[in-house]
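Please keep the sequence and the model in view while reading.

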Amino acid sequence: MNEKFFGRGVAMLLGVLLLTSTASAQVARHGWRGPERTGIYPETGLLKQWPASGPEQLWEVLDAGKGYSSPVVVGDRVYLTGMSEDQSKETFAAYSLDGKRLYRVEYGTPWEGQYPEVRTTPTIDNGRAYLISGSGEVVCLDVKDGKTIWKVDGAKVYSRKTGNWGTSECALVFDNKVIYTPAGDVTTMVALDKMTGKEIWRSKPLGDPSTYLSPLLIEYKGRRQIVGATANNMIGVNPDSGEIEWTFKIEPKTKASWANIAPNTPLFKDGKLFYSHGYDIFSFMLQLSDDLKSVKQLWYNGDMDTQHGGYVEIGGVIYGTSHDRVASSWCALDWNTGKTLFADDWANKSAGVIISADGMLYCYSERTGGVALVKPTKERFEVVSQFRVTKGDGPHWAHPTISNGVMYLRHGNALLAYKIK
């Protein structure tokens, strides 16, 4: 074989392997609502029915610190944010897989207004934890011992403008970047170097307050884009330059609406983006243009009005909740048409959180603490098994996490682990 040709062939093969490796590692896969931010966890072999009293509880921690954030499992550790005992600081803790605390450190200052409890779910990337405090600090910690590597006071540096409940963003980490959305009159979104915290780019300001959404990195037609939001606009941002490539106005559909909260990370599939925002914004589907420079609305649905419990898509069906401040329902919509397939009540008309794993839905009532294993159908909300979380206090707003056959539930100070495999 020609040596020159052989050398070129090896170089090409190595290049392909390197590109493949880089592509698979571009986004931090441990964080908010699972590896893809879709609420779907890649578990198999899970129970399809629980005992009457619920799945076996493995352990509990009752002093985790108040919060609405989710636990994140990486290797042999569980990471969780919370509040210090005097409620003056946000904390980051590591636990063993049997619930023993390894350390807890303070890293930031909480929101000082209504609902100050910690919200940011950690993003874990190559031995580092990335967090955004309720007061807008972007922080990087070493997961070995919780020591701070760098911190940027994003609220101060970028003159953050918030709504009624401060900052509730979970850091998006990809390539060499950490994304933060301060909004306001200085910038809308910024990218910081994940190793140093130094600014890489900032987008233009839209003048809007921030919202509570954790952004999503998508890829379509060979191009990538960050999809995020302000209180008044959905936005598509170039991940390399920070240019805002499109905006879509968020408008309430009734006069009863008083807050554009936009807390839910959108769903993305085949060039389409689904949102449901609560407070009479309701649900809509957008179609991206091939060059990612514009969007158009494909459909609107006035039944699903998800406040902050998220939603999942399985087999062309979107499952979520409606929260209209009078009666709440667990809903299913057709992905392609937006048609309401069903809207059923469960847990005394309480809205809540929804995730999925191994072809089943896991639903958590925000008011009653009910936890249901639900078979996804197009006809009705089919509860297979259910039990109730009684430990902890406050609203049941934390999104569950599933890892290695264990379901982790957080309720205020309480962190609970259940065997579901």
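A residue is called buried when its relative accessible area is under 20%, exposed when it is over 50%, and partly exposed in between, with a 1.4 Å probe and protein chains only. By this cut-off, buried residues make up 60% of the 421 residues in the chain. The model is predicted, so local features need pLDDT of at least 70 and side-chain atom pairs count only at pLDDT 80 or more, while totals for chains, interfaces and linings use all residues. Residues are numbered from 1 along each chain as its sequence is written, and side-chain values use heavy atoms, with hydrogens and water left out.

The chain holds 2 helices and 33 strands; both are DSSP runs numbered from the N terminus, helices being H or I with at least four residues and strands E with at least two. Its radius of gyration is 21 Å, close to the 22 Å that the globule rule gives for 421 residues, so the chain is as compact as a globular protein of that length. That radius is taken over C-alpha atoms, and the rule is 2.2 Å times the number of residues to the power 0.38. Along the principal axes, the C-alpha atoms fill a box of roughly 70 × 55 × 50 Å. Contact means heavy atoms within 4.5 Å; among contacts between residues at least 6 apart in sequence, 54% join residues at least 24 apart.

Two strands pair if DSSP finds at least two bridges between them. Strand 9 (residues 137–142) pairs with strand 10 in the antiparallel sense over 5 bridges, and Cys 140 has Trp 150 in strand 10 as its bridge partner.

Thr 167 lies in the loop between helix 2 (154–157) and strand 11 (172–174). Thr 167 has a relative accessible area of 5% and is therefore buried. Leaving out residues up to four places away in sequence, Thr 167 touches Arg 119, Ile 132, Ser 133, Gly 134, Gly 136, Arg 160, Thr 162 and Tyr 180.

Asp 63 is in the loop between strand 2 (56–61) and strand 3 (72–74). Its relative accessibility is 45%, so Asp 63 counts as partly exposed. With residues up to four places away in sequence not counted, Asp 63 touches Arg 101, Arg 104 and Asn 413. Met 83 is 20 residues from Asp 63 along the chain, and their C-alpha atoms are separated by 9.8 Å.
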